[in-house]
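We will walk from ring to ring, then on to charges and open space.

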Amino acid sequence: MKYSRAIFMVFISLLLLSSDNNSSYRVVDNTSFIPGEVINYKVHYGFVNAAEGKMIIHDQLEKINGRTCYKIDVYGKSIGMFDVFLRIRDNWGTYLDTASIIPHKSYRKIEEGKYRKHEIVDFDHLNGKAIVHNYHNRNKEWKPLEEYEMPKYSQGMVSGYYYLRTLDFKKLKENEIIELKAFFDDDVYDFNIRFLGREEVKTKLGKIRALVLSPIMPENSLFDGENSIKVWISDDANKVPIKVKAQMFVGSVEVDILSYKKGD
């Protein structure tokens, strides 16, 4: 009996070591998105088609830090005359924890005109650290790692949008503030979003009942005012981003949904 009990305890210990350690992380209920989701967008600057965008949750789940993750990519590229004057080929991505809806790794590879940036960020939520890897394009080599402190469950720019889709907006009142912490460009930001209410939006996919959000912008030289950006997401179980409108000092930019594939 003593030996069989010992063997049983070893077996249970191995099972626990090989599984996701959910006891150290929060659990967030998600019924809004699944692998295989693809959303296509068109970007307008005034009346001109300026760019195309795509958001993809890849079919295959990945393991990062021993945790099961969605691999998510966001692509953007300039088109038409905009591509002649300012060539844009951007890729933002994240490995998003399927249970906690937090990033374990994020990356961005930016090509905008002559500007280049290649960055990878590893998130260590349990120890409150973000480890940043930057590629030196001129020297063609990776720079030394940089480590920064961050609050547990900080979001990245991509992961934050997916986390918002998991929220229960039925519990929110108009003008209520959603508060998030986000790590971006080597710093932690208060990423606060105001819930403005509900309205119907005309899209390429027809009229859609939508939730209206407005990220609260700090004073800057790019966007015109605190509430210069509005985001519309579908008021249903999927909470799909369907429209973005940004009022800038140099004009208005709109992002409109073209197609949506839910996933398998």
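Start by selecting Trp-142, which is partly exposed, with a relative accessible area of 40% (buried means under 20% relative accessible area, exposed over 50%, partly exposed in between, with a 1.4 Å probe and protein chains only). Before going further, note that residues are numbered from 1 along each chain as its sequence is written. This is a predicted model, where local features need pLDDT of at least 70, side-chain atom pairs count only at pLDDT 80 or more, and totals for chains, interfaces and linings use all residues; side-chain values use heavy atoms, with hydrogens and water left out.

**Aromatic stops**

For the terms, rings of Phe, Tyr and Trp (its six-membered ring) pair if their centres lie within 6.5 Å; planes under 30 degrees apart count as stacked, over 60 as edge-to-face and the rest as tilted.

The structure holds 10 aromatic pairs. Another one to select is Phe-123 with Phe-183, edge-to-face at 6.4 Å centre to centre and 90 degrees between the planes. Phe-123 lies in strand E7 and Phe-183 in strand E11, so the pair ties together parts that are 60 residues apart in sequence. (Helices, H or I with at least four residues, and strands, E with at least two, are DSSP runs numbered from the N terminus.) Phe-123 is buried at 3%, and Phe-183 is buried at 4%.

Next, pick Phe-33, Tyr-70 and Tyr-162, which form one aromatic cluster. Tyr-162 is also one of the buried residues of H3. Six of the eight residues of H3 are buried, so the helix is largely enclosed by the rest of the structure.

**Charges over rings**

Select Arg-67 and Tyr-25: the charged end of Arg-67 sits over the Tyr-25 ring, 4.2 Å from its centre. Arg-26 lies over the face of Tyr-153, 4.6 Å from the ring centre. Here a charge sits over a ring if NZ of Lys or CZ of Arg is within 6 Å of the ring centre and within 35 degrees of the ring normal.

**Salt bridges**

The whole structure has 16 salt bridges, each a side-chain nitrogen of Lys or Arg within 4 Å of a carboxyl oxygen of Asp or Glu. Glu-119 lies in strand E7 and Arg-108 in strand E6, so their pair ties together parts 11 residues apart in sequence. Glu-119 is buried at 6%, and Arg-108 is buried at 7%.

Then show Lys-243, Lys-245, Glu-254 and Asp-256, linked in a network of salt bridges.

**The cavity**

Which residues lie nearest the centre of the largest cavity? Select Trp-92, Ser-106, Glu-119, Met-157 and Phe-184, five of its 17 lining residues. Its volume is about 150 Å³. On a 1 Å grid over the protein atoms alone, a cavity is a set of points where a 1.4 Å probe fits but cannot get out, and lining residues have an atom within 4 Å of a point; grid points are joined across faces, edges and corners, and a volume is the space filled by probe spheres set on the points.

Definitions and conventions: 1 Å grid on protein atoms, 1.4 Å probe; cavity = no way out; pocket = protein on both sides within 12 Å on 5 of 7 lines; lining within 4 Å.
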